[in-house]
Amino acid sequence: MRETAMEVDREDGRSQNQLRPLACSRNILHRAHGSASWSQGDTKVLAAVYGPKAGTKKNENPEKACIEVIWKPKTGQIGKPEKEYEMILKRTLESVCILTVNPNTTTSIIVQVVNDDGALLPSAINAACMALVDAGIPMKHLAVAICCCVAKSGYVILDPTKLEEQKMKAFAYLVFPNSVHSVLPEGSLRVEGEPIENGIITSVTHGIMSVDDYFYCLERGRAASVKLSDFLRRNLQQQSTDSSKAG
Amino acid sequence: MEGRLANSWRLTVNDKNFIKTALLSEIRIDGRKPFEFRKISIKFGREDGSSEVQLGQTRVMGMVTAQLVQPYRDRPKEGILSIFTEFSPMADPSFEPGRPGELAVELGRIVDRGLRESRAVDTESLCILAGKFVWAIRIDLHILDNGGNLVDAANIAALAALLTFRRPECSLGGEDGQEVIVHPPEIREPLPLTVHHLPIAISFGFFSNESILVIDPTHNEEAVMGGRMTTTVNANGDICAIQKSGGEGVPRRVIMQCLQLATSKAASITKQIKDAVEVFNTERALRKIKRHPTSTGDDVREKQN
C-alpha cells in the first residue's frame, strides 16, 4: 500500500525524500551574543540570542534559567500565529537547554523571518539552535527540525515549499534530538533501551492524517534528521576552527 | 523584564574620554577620518521589494508590500505611502519588544519626511480609480543590528526596497468599468514604482569640545556626542529635510559645512544604490528567461491528459 519507490512530480524536480539546499552561517550580528542565519531553499530565517541576563519574569521559576522567545514576522502586526510559534519554540528550546546551570537568568531568542517559502517553523528551530551554540548557552543536545507532508494519495514528501504545503492534505513539523557520535559505550546513551535520537521533542500537525500516515512521517523524518545532524556537525566543526569573537 | 540597570549597556568614563581626546587629533576609534562614511553594502532578497543594507556594523532590512485600499477623503487621487519601523530586540539589548519607543518613531518620521514630502515617490501614479481604489505602499524597516547611525542605513534600505519593488498591474473592468481586476504576475509583468529622485539621509554628530563634527557616528560615538543632525539631500543638491532635535547649539557656518558635505556624499551613495539595483534587475531578468523551458514542459504534459 505504501508506494515507497514511487516517482513523485515535485515542481522543483526533487524526489520524495530530498531536502532543499541548506545554508547556515553563524556570528553574523555584532551586538547580539549569538546569531545565526538558516536557509532551506528560499525560506530564510535569522535568529539572535542575548543572554543569560539577570532576573526572570514574574511567572517563571527563579530556580531555573528561563527562555524568552520573540518572533518577528516579515511584515504586518504580531498576531495569534506568531504567539503560537513563540510558545512552540520556547518549549522546544527549554527541553534542549540545560536550565539548571544558570538559575534566575533569562536568555532571549529573537527570530526574524526574512522569507517564508514553506517549512518556516522547522527553519526557525534550526536557526535558534545554531544561534544558541554561537552564544555558548549550555545545551544537552541539538534539536533538528523537519517538515513532512502527507498528500491525498498517501505518499509523504519532505521539506515542502509554500505551494506544496498549501496543496497537501496534512503536514507535520517534527523535531528530533540530533544523532550522536560518541566515545562512550553504547549502553549509556540509551533511554529505555532505545538510542536517544529515536525520541521526539516536538510534533505539530496541521490537517487530518491517519495513524499509519503519522508513523510513516515519523520514520521518514527520523531518517532525514540524521542527514540534517551531519550537516549541522560539519558546519559547527568548520566554523569552530575560525577565530573566536572578541569583545 | 523592565530595562534593569544590570542589563543596559553603558560606556565607561575611560572609553568616553578616549573617544573625545582622539577626536581632538582627528582620529576616530574605528580608524576613519571625521568626514569618512563607513562601507555600505546593499543586498536584495529573492522577492521584489526586499533589501538588506549593511553600513559598517549596522544592519537594516527593508520590505515593501502593496495593497489596494480606499484613498483618504481629502486626497482621492493619490496613493498612500506608510512607513513602519521595527526596532527589533535583536539589534540592541536595550530595545524592548512591543510599542515603538521615541527613537523608532523619530527614525520613521525622518525617513517618511524625506520620501513623502519631497515627492520622491509619485503617489498620483498609484491611483487606479479616483475615490475608490488606490495602492497603499507599506514599507517595513527592521533594524537587525545597531552599530550606530540607524537613520542613514534605514533610509538607504527603504530606497533600495522601493526601487526594486514591483506592483501588480491592474485594469478597470466589470460592467460599468468600476471593478478593478488585479493581474497575477505570471499573466502580466508587474510594474515598478515611479521614483523621481533619491533623498539620502546623512547624519552628523557634534562634540562639545572645540565644536568637532563627525559624519556617520558609530554607536560608541553616539553615546558620547553632544548633539546630532540629520540632513536629507538628493544628488541634485536639493535639501529634502533637516532634523536637529535638541542637543547643543552649533554656529551657522557649521550647518553650512554639513550641508555641503552632505551633498557631496549623497551623490556617491545615490550612484551606489543605483548600481546595486541595476545588478538586481539584470539578475531578475535572467531568472525570468530561465523559467520558460520548464513552464512550457508542464503545458505539454497537461495537454496530453
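In chain A, 52% of the 247 residues come out as buried. The model is a predicted one, and the values here are computed from it. As for secondary structure, chain A holds four helices and eleven strands. Turning to contacts with a separation of 6 or more in chain A, 71% of them link residues 24 or more positions apart.

Over in chain B, the UniProt record (an unreviewed entry) carries the annotation "domain: Exoribonuclease phosphorolytic", which covers residues 36-168 and 197-264. Take the stretch 36-168 of chain B: its end C-alpha atoms sit 40 Å apart, and the span is 23% helix and 37% strand.

Next comes a helix pair in chain B. Two packed helices are described by the angle between their axes and by the distance between those axes. For helix H2 (residues 102-117) and helix H3 (residues 150-164) of chain B, the angle is about 45 degrees and the axes are 10 Å apart. The crossing of H2(B) and H3(B) is right-handed.

Who does the touching? On the H2(B) side, the contact is made by B:Leu107, B:Ile110, B:Val111 and B:Leu115. H3(B) brings B:Leu150, B:Val151, B:Ala154, B:Asn155, B:Ala158, B:Leu159 and B:Leu162 to the contact. Sorted by class, the contact between H2(B) and H3(B) has ten nonpolar residues, one polar residue and no charged ones.

Definitions and conventions: Residues are numbered from 1 along each chain as its sequence is written. Chains are lettered from A and ligands numbered from 1 in the order in which they are written. This is a predicted model: local features need pLDDT of at least 70, side-chain atom pairs count only at pLDDT 80 or more; totals for chains, interfaces and linings use all residues. Side-chain values use heavy atoms; hydrogens and water are left out. Axes are lines fitted to C-alpha atoms, for helices over the stretch in contact, and angles run from 0 to 180 degrees between N-to-C directions. Helices (H or I, at least four residues) and strands (E, at least two) are DSSP runs, numbered from the N terminus. A crossing is left-handed if the near helix is turned anticlockwise from the far one by less than a right angle, and right-handed if clockwise. Contact means heavy atoms within 4.5 Å. Ala, Val, Leu, Ile, Met, Phe, Trp, Tyr, Cys and Pro count as nonpolar, Asp, Glu, Lys and Arg as charged, and the others, Gly among them, as polar. UniProt positions are given in the numbering used here, feature names are shortened, and annotations may be inferred rather than shown by experiment. Buried means under 20% relative accessible area, exposed over 50%, partly exposed in between (1.4 Å probe, protein chains only).
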